[in-house]
Amino acid sequence: VTLAFGVIGPLISGSIGDKFGKRVPYVIALILMLLGIIGITSSDQFYVFAIGACLSMLGWAGSLPFLFSMVASADPDGRHIVFAPTSVGVGSMVGPALAGNVYSGESTLLLLLMCVVGLTLSAFCGLKGGGLVENN
């Protein structure tokens with residue numbers, strides 16, 4: 001089910017990006033990821049976990065067009081953009097492994113803190129250094 005949200009995310013980003021620019025949809029995607037992660041880490045019921053997983057995937061997939069756009073704008077000769085999908089794939093493997101090692105078994109607080117820090121850094125890098133502010 002979450003993969004369906006992974007397909008919908010970029011489609012929504014494209015339509016919203018045309019109307020609002022890059023910054024607003026990128027921030028919305030990060031907020032959706034954060035809400036999803038909060039739902040996943042704090043759930044004690046399956047439906048809360050499932051909603052959190054869907055929101056997280058919607059935000060993650062919705063942020064990818066903007067992440068690729070940042071890489072493409074910083075790589076005018078196009079030599080490094082080919083590594084963007086590979087980086088996403090490696091991150092998709094390393095991230096869950098790291099999260100599994102951070103999870104203590106009794107509390108997800110450290111895992112939630114790691115995700116909040118990561119999303120904050122992503123927001124800062126994307127909005128300040130990634131060209132989303134200048135290009136709107």
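How do the residues of the lining of the largest pocket divide into nonpolar, polar and charged? They comprise 23 nonpolar, 10 polar and no charged residues, where Ala, Val, Leu, Ile, Met, Phe, Trp, Tyr, Cys and Pro count as nonpolar, Asp, Glu, Lys and Arg as charged, and the others, Gly among them, as polar. The model is predicted, so local features need pLDDT of at least 70 and side-chain atom pairs count only at pLDDT 80 or more, while totals for chains, interfaces and linings use all residues. Residues are numbered from 1 along each chain as its sequence is written, and side-chain values use heavy atoms, with hydrogens and water left out.

The largest pocket holds about 1,200 Å³ of space. A pocket is an open set of points on a 1 Å grid over the protein atoms alone, where a 1.4 Å probe fits, with protein on both sides within 12 Å along at least five of seven lines; lining residues have an atom within 4 Å of a point. The volume is the space filled by probe spheres set on the points, which are joined across faces, edges and corners. Of the 33 lining residues, Met 33, Ile 37, Trp 60, Gly 91 and Gly 95 lie nearest the centre. Helices α2 (23-42), α3 (46-74), α4 (83-102) and α5 (109-129) each supply at least two lining residues, with the largest share, 10 residues, coming from α4. Helices here are DSSP runs (H or I, at least four residues), numbered from the N terminus.

Helix α3, with 29 residues, reaches 41 Å, close to the expected 42 Å. A kink of about 30° lies at Leu 64 in α3, shortly before the proline Pro 65, the bend being the angle between axes fitted to the seven residues ending at a residue and the seven starting there.

Two serines can be followed in turn. Ser 63, in α3, has a relative accessible area of 1% and is therefore buried (under 20% relative accessible area, with a 1.4 Å probe and protein chains only). Leaving aside neighbours within four places in sequence, Ser 63 is in contact (heavy atoms within 4.5 Å) with Tyr 26, Ala 29 and Met 33. Ser 13 lies in helix α1 (residues 2-20) and counts as buried because its relative accessibility is 7%. Ser 13 touches Gly 62, Pro 65 and Phe 66, not counting residues up to four places away.

Notes
Buried means under 20% relative accessible area, exposed over 50%, partly exposed in between (1.4 Å probe, protein chains only). The expected span of a helix is 1.5 Å times one less than its number of residues.
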